Amino acid sequence: KEAQIEGAVDTAITALNGYRRACIQGTADKPCRDNIAAIQKYTRQMPPLLIQLRGFVDNNQQLNAVAVYNQLLALYSTFKTTAGNLGYNVGNLP
């Protein structure tokens, strides 16, 4: 499960970075800066949680790993909903 959420988060962040580059180049939609700001508040929280999750999994701290995993799922879900409401599909968790 760790690999699944890590892959989903990596894919979502890669997609957002592409959108950000298009925004900087002026080829994205007009409200791209506002859209990025709305989405970034979630994507900035995910990498530190992924690091925590890896550490807990590596050290076989299952209760802590489950707690962080659940935080990541909730954060990803909110991120996905926000992106979807703005018209951007960031994919699904397997």
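The model is predicted, so to speak of local features a pLDDT of at least 70 is needed, side-chain atom pairs count only at pLDDT 80 or more, and totals for chains, interfaces and linings use all residues. Residues are numbered from 1 along each chain as its sequence is written, and side-chain values use heavy atoms, with hydrogens and water left out.

Helices here are DSSP runs (H or I, at least four residues), numbered from the N terminus. The expected span in the table is 1.5 Å times one less than the number of residues.

| Helix | Residues | First to last C-alpha | Expected span |
|---|---|---|---|
| α1 | 24 residues | 35 Å | 34 Å |
| α2 | 12 residues | 16 Å | 16 Å |

Let's start with α1, residues 2–25. Its buried residues (under 20% relative accessible area, 1.4 Å probe, protein chains only) include I5, V9, L16 and Y19. The buried residues of α1 pack against α2 (32–43), α3 (46–58) and α4 (62–85). Just past the end of α1, G26 has a positive phi of about 85°.

In α2, the buried set is C32, N35, I36, I39, Y42 and T43. These residues lie on the same side of α2 because they cover an arc of only 115° around the axis, taken from the directions from the helix axis to the C-beta atoms. Turned away from that buried side are R33 and D34, which are exposed (over 50%). The cover over the buried residues of α2 includes α1, α3 and α4.

T43 sits in α2 and counts as buried because its relative accessibility is 8%. Leaving aside residues up to four places away in sequence, T43 touches I13, L16 and F79, where contact means heavy atoms within 4.5 Å.

Note on methods:
Helix = DSSP H or I, 4+ residues; strand = E, 2+ residues; numbered from the N terminus.
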